[in-house]
Every structure is written in C-alpha cells, then in structure tokens.
Amino acid sequence: MASITDCVSEGLKYPFNDVKKLLSFGALFALLNLLSTAISIKNLDIFRAVTREINQSNATALSLKFTQLPANDIYLVAALGIVSFIITLFVMGYQYNVVKFSIDKKDDLPGFSDILNIFVNGIKILIVTVAYNIIPVVVLIIGIILTGDSSALPVIAVISAILFIIAFFLQIMAVNNMVANDSLKKAFDFGEITDKIANLGWGKYIGIVIFTIIIFMIVNVAAGFILSFLTLLFARAFNQAIVVSAFIGILEGLFITSYTSVFYNRVCGSIYREAIK
C-alpha cells in the first residue's frame, strides 16, 4: 500500500498532467466567481431600494408590496442564481470524473466531450451530499427551535458538529463507492463502505483525509497571500473595486480553485484504490 504522503504527493502533481483541461475546468470556477460578484452587486442594489422605500413610506420590509420592490433586479438575481446552480452541477460532475480517473489509475485529466454525462454525474454528487448531511442539518434546526436561547444550544451545536464530521468522512468513501461501481445505490451501501474503510484501516483513512485537508488549506492560504498582493497592485492601477474584484475572481477560479479541486478529488480516488487492494 502507498503511504499517506505518496497519495497526497501524487495528487499535487496530477493537475499539471494536462494544464489545458485544468484551465478549462477553471473557467467554470471563474464564471461562478463572476456570477457571485454580479449577484452580490444586485443584492446590494435591492437592499438599497428596499431601504429607500421603507424610509419614504414609513413601512416595514414585510409590509412592502412586490410592486414597490425592484422587480427587474430580483428577477436578474434569480436568473443568475439558477445559472450558478447549473454550473455548480457541471463542476460536481467533473469532480466525479476526476475521482473515476483516479480509481482507474488514469494519468490524464477527464475531458468535456460528454456534457450530459458530466451534468448527470453532478446531480448524483448533489444527491449524495444532501443525503449525508441532512441528518446533522435537521438535528441542528430542531435543536435551535426547541432550545432557543437556552444553555442547551451549545450542546446541540456540538452534537451537530460531530454528526457533520462523521457524515463528511463517510461521504468521501460513499462517493468513491458510487463512482467505482457507477451506481447511486452504492453510495448508501453502508456495510460495503465501512468494510472498505476498515480494509484500509480507520486510522490511515482518517489520517489521509486530514493530511489532504491540511495541504489543501496550506495551498489556499499561500494563494490567498498572492491574490492579496495582486489585489493591492490592481487596486492602484484601477480605481474600480468591481473591476478588481472580477479580475481577481477570474484568476482565483482559473488557477487556484481548479487546482485544489482536482488535487483533492484525485486523492479521494486514490484512497479508494488503496482500500480495495
């Protein structure tokens, strides 16, 4: 079996095997960042319009009629949100394929020729993500409703956090099991999932995941320092905060988020490959 560092080291090198495909994947993140910026701007416009209407009519936010709201901005935000959601599904679908290539021990990056397949795979990832996190979310919501501001709220928060952590570790192997067998049902075969983890060893499994997350965070922090420096440079060159924000968002999506996403999912696939040896 490969060591923890071997899996992570291979994952760090893998994205550079096809820079063109990596940048193509990064274009999706860049577009998501631009859409996020546009949504934030429009939400600010809506907030200003609502605040202005409240001050002029002495009404409350809840009592305002739809005709008093900036309908065009609201429709635009909704449309941008839908587009962002669709692109996110494509991102998830590509991540699915990265895991598949890792399990199959392919050295190249997945392509984008089968768009429908990528979209369907993204829906599968979304379903698994929601399913594995619904219990911690429900526990947290019910706990907040029942306890309110009582002293029991921190206990509920801790219990929810523990459930989120358990779900997170199980979800990684669940996704791997689904991808390896190309079956959504396999993501919920808990006996098979726990057997795979046990075969690798719970300690090694958790160790690889934690070590991968640490490297993931280090890369993001280092990239964050670089982006901060670039932001200062561009802020001096351009006097428009929106332009600077958009440009930094494009750089982040193209080069950083795409890299860390491919790296992370490559290691996840490697974990499964080691678990079935």
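Which pattern does the protein follow when read along the sequence? In the predicted model, the protein follows the pattern α-α-α-α-α-α-α-α. The count of secondary-structure elements is accordingly eight helices and zero strands.

The C-alpha trace of the protein spans about 70 × 50 × 35 Å along its principal axes. Of the contacts in the protein with a separation of 6 or more, 78% are accounted for by residues 24 or more positions apart. The protein has 277 residues, and buried residues make up 37% of them.

The accessible surface of the protein was computed at about 14,900 Å². Carbon and sulfur atoms contribute 70% of this surface. As for charge, the protein has 19 positive and 17 negative side chains. The centres of the positive and negative sets lie 3 Å apart.

Ser258 is located in helix α8, which comprises residues 241–275. The relative accessible area of Ser258 is 0%. Ser258 is therefore classed as buried, since this value falls under the 20% limit. When neighbours within four places in sequence are left aside, the contacts of Ser258 are with Leu22, Phe25, Gly26, Phe29 and Gly253.

Conventions: Residues numbered from 1 in each chain as written. Predicted model: local features only at pLDDT ≥ 70, side-chain atom pairs only at ≥ 80, totals over all residues. Heavy atoms only, no water. Helix = DSSP H or I, 4+ residues; strand = E, 2+ residues; numbered from the N terminus. Buried < 20%, exposed > 50% of the residue type's maximum accessible area, 1.4 Å probe, protein only. Contact = heavy atoms within 4.5 Å. Areas by Shrake-Rupley, 256 points an atom, 1.4 Å probe, with all protein chains shown as cover. Lys, Arg positive; Asp, Glu negative; His and termini not counted. Charge placed at Lys NZ, Arg CZ, Asp CG, Glu CD.
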